[in-house]
Amino acid sequence: MSIITNLFGLPASFAGLDLPNATRRFDGVLHAHGARTIAVPDGMAYIEAGLGARAIATTMLEGERFGRAVLSHVRVAPFFASIVLMVHPSPEVDAPLFLLDLHVIPVGRARAYLDTCGPGVARPEFRANFWEPLRRSLGTSSALRSSPVPAWMAAFSGGCGAVVRARPGSANRLVGLSELYLEAYLRALATAPAAKSVKENEQRAREVTASLREHGRSGRMLNRAFGADIAARYTRVLYND
């Protein structure tokens, strides 16, 4: 049993990362900002395949200024493991979607894609309210390697995101950085202005999720690991369809 347990912990253990604990930390940040846990659609709270080697555990929350936050711990041992978090703000406020994908590959290398996209990023208030505090939070990543957000998302990005990488054994730095980024986002969301156009915000959000569906690697990985039907049902939850 210990051998199986150790295998299920790969590749996160190579990265020096306790993913269940990291997931609880992100959940704690959301609750500290007033979020409430809500019911996950039937069959989506815990998905398991391959005798437990492949699994997705999902929590959903809602807040005063966001209709849904979806937080998942994904394990496809020993090939990859990840934490995925999307916060979908109410379209009645000018605020972008929050994206986090903290991903670990077999050799123990880890990277975190952090971004805010879509609604509100073109508003004059965005720079002071979101861009500046989010960029400051990424300034703590000086000991890590960072690169721009994926080109296919750049058109929707607020310009204050990055892909940050850690060497094997140091992935907990990515968790701390991601917590700071989430904290900065939630503080900005609390003071975001009322929407100038609810319909425009809804359209911008759909454009972001459409780009994720078309170009994101996570969907293809989930298809291979869990099958097309489960992957499609899960992404509908994640993207708030």
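This report describes the aromatic contacts of a predicted model.

## Aromatic pairs

A pair of aromatic rings is described by the distance of the centres and the angle of the planes. Rings count as a pair if their centres lie within 6.5 Å, and by this rule the structure holds four aromatic pairs.

One of them joins F98 and Y181, whose ring centres are 5.9 Å apart. The angle between their planes is 45°, and the pair is tilted. F98 belongs to strand β6 (residues 97-104) and Y181 to helix α5 (residues 172-190), so this contact ties together parts that are 83 residues apart in sequence.

Residues under 20% relative accessible area count as buried. F98 has a relative accessible area of 0% and is therefore buried. Y181 is likewise at 0% relative accessibility, so Y181 counts as buried.

F98 also forms an aromatic pair with Y185. The centres of these two rings are 5.2 Å apart, with 50° between the planes, and the arrangement is again tilted. This pair links distant parts of the chain, as F98 lies in strand β6 and Y185 in helix α5, 87 residues apart. Y185 has a relative accessible area of 0% and is therefore buried.

## The aromatic cluster

F98, Y181 and Y185 belong to one aromatic cluster, which also includes F126 and F130.

## A charge over a ring

Another contact involves R127 and W131. The charged end of R127 sits over the ring of W131, at 3.9 Å from the centre of that ring.

Technical notes:
Residues numbered from 1 in each chain as written. Predicted model: local features only at pLDDT ≥ 70, side-chain atom pairs only at ≥ 80, totals over all residues. Heavy atoms only, no water. Phe/Tyr/Trp six-rings, centres within 6.5 Å; stacked < 30°, edge-to-face > 60°. Helix = DSSP H or I, 4+ residues; strand = E, 2+ residues; numbered from the N terminus. Buried < 20%, exposed > 50% of the residue type's maximum accessible area, 1.4 Å probe, protein only. Lys NZ or Arg CZ within 6 Å of the ring centre and 35° of its normal.
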